[in-house]
Amino acid sequence: MVTRNALPHLSEQNCTSTAVATRNSLGSRDQVCNLRATATLPVKNEVMGDPQLQNSSCIAAALKRIIYTLHGRGVLCNATMPCTAHWSRENAVVVVCRPARLWDVRARQDCTSFKPAKDATFTRRQASLVATARGPWATRLELHKYGRCAVVGNGQTLGCGSNWGAAIDSDEYDLVMRVNLGETVLRTGAAHMKPPYSCFAGSRVDMWIDNHQLNPSAFDVLESWGNQMPRTPWARTGGPIIVTNPRTKPGKNISNYEQLVRGVGQSSSRKNWTVVQPSLAVVQNGVVKIGGAGGKAVNMAMHLCEHVDAFGFGLALHPQSNRPCYGHYYADVDPLRVLCWHGHGGLFQELQIAVWDAFGLMNYIWW
């Protein structure tokens, strides 16, 4: 575990070489937004169906894309120390192996199996999305209610890559979901939602998902920030949808949910805000193993949306130890420490997201 100061904000050493070249060609990130090109969103990914999983050319293309993503990211492997991916037709399993690295205490190759067909079936399953909800949007959280959605995490892929802010805030998306927004604004005072950070991560908030016991005082900070914006960040929904921890058993986490409901009700200007407690079947069904709020957000998005674009996920290499770390793209305004090696199940996440991207379950936007 290291302090955030050991992982400098937007250091070229903790960005991939491709991202660094892109960033340097566009100018300093600390300058105003319009000095940098606005990124164009990639085409929507389509989930590979059973016929495609029997087609050798389709599988070969997916395996090639997995390696392209992992080597392009350069965190776990690269052309010199390559990852490998192969397909087991009999079990419909893709096996991804990463090389042994000096920072890995096991010092050996590590292989992980994934079942993309099973994951795709899970996202299409008719399941209850919500355990409890109050507010005007409570009845609009249905299976595949929305077309294209953005899930905005907090990782340094947003700090090292392209200017995605305008695209995230645009009408291209039917729903924008953010991770740990309520918990973070209490530390940053919403500074991470303003320029220059909003230039590459946007400021639109339709839904946020927190993995922490939320303090309703975050609502006051968010409301004050939202009122200062030219357009209210949650203008499309009339009020943000706040998703708290799931109810893992009768009564579990219900106290925080009720606390948030009371916090929303303390102001008449929040009458259009909605508080949701997701069902365990959706957010922790054993299929999506990405840790923390990011995993819950991806799970919710896969159920709510036909197409999912994921921003701000993945690790960066620590400049001194060269070990994979998880740090926030707004680290210079956030005192939260940087998590190394085991943070948020990051090693597994690097592989899993590359697989999902290759098989069409989501677009992984890391450049």
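What is the torsion about the S-S bond of Cys77 and Cys83, and is the disulfide left-handed or right-handed?

Analyst: Happy to! Please keep in mind that this is a predicted model. The torsion about the S-S bond of Cys77 and Cys83 is about -100°, so this disulfide is left-handed. The two sulfur atoms lie 2.0 Å apart, and both Cys77 and Cys83 are buried.

In total, the structure has three disulfides. Another one connects Cys97 with Cys111, again with an S to S distance of 2.0 Å. Here the torsion about the S-S bond is 110°, and the link of Cys97 and Cys111 is right-handed. This pair ties together distant parts of the chain, 14 residues apart: Cys97 sits in strand 2 (residues 93-98) and Cys111 in strand 3 (residues 110-114).

The remaining link runs from Cys149 to Cys305, with an S to S distance of 2.0 Å. Its torsion is about -90°, so the disulfide of Cys149 and Cys305 is left-handed. It also bridges distant parts of the chain, since Cys149 belongs to strand 5 (residues 146-152) and Cys305 to strand 10 (residues 305-311), 156 residues apart. Both Cys149 and Cys305 are buried. As for Cys58, its relative accessible area of 23% makes that residue partly exposed.

Now to helix 7. The axes of helix 7 (residues 181-188) and helix 9 (residues 217-228) come within 9 Å and cross at roughly 75°, so helix 7 is roughly perpendicular to helix 9. On the helix 7 side, the contact involves Leu181, Gly182, Val185 and Leu186, which meet Ser217, Ala218, Val221 and Leu222 of helix 9. Sorted by class, this contact has six nonpolar residues, two polar ones and no charged ones.

The buried residues of helix 7 are Leu181, Gly182, Thr184, Val185 and Thr188. They span an arc of only 160° around the axis, so they lie on the same side of helix 7. After helix 7 comes Gly189, with a positive phi near 65°.

Key. Residues are numbered from 1 along each chain as its sequence is written. This is a predicted model: local features need pLDDT of at least 70, side-chain atom pairs count only at pLDDT 80 or more; totals for chains, interfaces and linings use all residues. Side-chain values use heavy atoms; hydrogens and water are left out. Axes are lines fitted to C-alpha atoms, for helices over the stretch in contact, and angles run from 0 to 180 degrees between N-to-C directions. Helices (H or I, at least four residues) and strands (E, at least two) are DSSP runs, numbered from the N terminus. Angles under 35 degrees count as roughly parallel, over 145 as roughly antiparallel, 65 to 115 as roughly perpendicular and the rest as oblique. Contact means heavy atoms within 4.5 Å. Ala, Val, Leu, Ile, Met, Phe, Trp, Tyr, Cys and Pro count as nonpolar, Asp, Glu, Lys and Arg as charged, and the others, Gly among them, as polar. Buried means under 20% relative accessible area, exposed over 50%, partly exposed in between (1.4 Å probe, protein chains only). The arc is that of the directions from the helix axis to the C-beta atoms. A disulfide is a pair of cysteine sulfur atoms within 2.5 Å.
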